[in-house]
Amino acid sequence: MNRKFRVWDGKEMHEPPHDFLLSGDGVVWEGYGDEASSYASAVRLLKFEPMLSTGLTDSEGTKIWEGDIIGFKILGSMAHYLVAWHEKYGAWHCRAGNGEWMARLSVQLDKDDCTVNGNRHEDSELLGEPAK
């Protein structure tokens, strides 16, 4: 299965296309050549974090990735939520900075003017967390 993903290396985000591989257990590898022959000569990158594509876009057509921070208005003021996979429900959801699960992402996109405002690594202050 070929999953679309981007990679956070601790300093910068690597958007596809890139030369990274993602194993079934979620480990990022730096590959050489095509995916079918690359694992034998790949380097395991334990500190790199993959961020999967949700397959969804915001109201402006921007791709939404795992770990993105989306913003939409609630009762007239801007609210920010983290995009994360909810294991129990098997779907992408919005999660508040305090960890509380909110609505399913696809439902929120249908009814709100929702935009990507950043990601948890570079813009954590949007969730009320200290900047990294």
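## An exposed leucine in a loop

L75 is exposed, with a relative accessible area of 87%, where exposed stands for over 50%, buried for under 20% and partly exposed for values in between, using a 1.4 Å probe and protein chains only. The model is a predicted one, in which local features need pLDDT of at least 70 and side-chain atom pairs count only at pLDDT 80 or more, while totals for chains, interfaces and linings use all residues. Residues are numbered from 1 along each chain as its sequence is written, and side-chain values use heavy atoms, with hydrogens and water left out.

L75 sits in the loop between β8 and β9 (77-86), and its phi is positive, about 50°, although L75 is not a glycine. Most residues other than glycine have a negative phi, and most peptide bonds are trans. A cis peptide bond is found from P16 to P17, with omega near 5°, and P17 belongs to the loop between β2 (13-14) and β3.

## Overall make-up

The protein holds 2 helices and 12 strands; these are DSSP runs numbered from the N terminus, with helices (H or I) of at least four residues and strands (E) of at least two. Read from the N terminus, the elements follow the order β-β-β-β-α-β-β-β-β-β-β-β-α-β.

Of the 132 residues of the protein, 39% count as buried. Among contacts (heavy atoms within 4.5 Å) with a separation of 6 or more, 41% are made by residues 24 or more positions apart.

## A three-stranded open sheet

An open sheet is formed by 3 strands in the order β3-β4-β5, with antiparallel pairing, where two strands pair if DSSP finds at least two bridges between them. β3 (20-22) and β5 (43-45) stand at the edges, and each has a single partner strand, so one side of each is left without a neighbour in the sheet. From one strand to the next the twist averages 35°; the axes behind this angle are lines fitted to C-alpha atoms (for helices, over the stretch in contact), and angles run from 0 to 180 degrees between N-to-C directions.

Strand β4 (residues 28-30) is joined to β5 by 3 bridges, and these two strands run antiparallel. Within this sheet, W29 stands opposite R44 in β5.

## Salt bridges

The count comes to 3 salt bridges, each being a side-chain nitrogen of Lys or Arg within 4 Å of a carboxyl oxygen of Asp or Glu. D68 forms one of them with R6, the closest N and O atoms being 2.4 Å apart, and this pair links distant parts of the chain, since D68 is in strand β8 (residues 68-74) and R6 in strand β1 (residues 5-8), 62 residues apart. Both D68 and R6 are buried, the relative accessible area of R6 being 5%. R6 also forms a salt bridge with E15, where the closest N and O atoms are 3.3 Å apart; E15 is partly exposed, with a relative accessible area of 40%.

A further salt bridge brings together the side chains of R120 and E49, at 1.8 Å from N to O. R120 lies in the segment after β12 and E49 in strand β6, so this pair ties together parts that are 71 residues apart in sequence. R120 counts as buried at 18% relative accessibility, whereas E49, at 23%, counts as partly exposed. Salt bridges that share partners join R6, E15 and D68 into one network.

## A buried aspartate without a salt bridge

D58 is placed in the loop between β6 (49-57) and β7 (63-65). D58 is buried yet has no salt bridge, and the nearest side chain of opposite charge, R6, is 11 Å away; in assigning charge, Lys and Arg count as positive and Asp and Glu as negative, while His and the chain ends are not counted.

The side chain of D58 does reach the backbone nitrogen of V116, at 2.9 Å. Leaving aside neighbours within four places in sequence, D58 is in contact with I64, L109, C114, T115 and V116.

L127 is found in the segment after β12 (115-119), and at 11% relative accessibility L127 counts as buried. The C-alpha atoms of L127 and Y81 are separated by 6.7 Å, although these residues are 46 residues apart along the chain. Not counting residues up to four places away in sequence, L127 touches I69, H80, Y81, L82 and G97.

Terms used
Polar contact = N/O pair within 3.5 Å; in protein donor to acceptor, adjacent residues only side chain to side chain.
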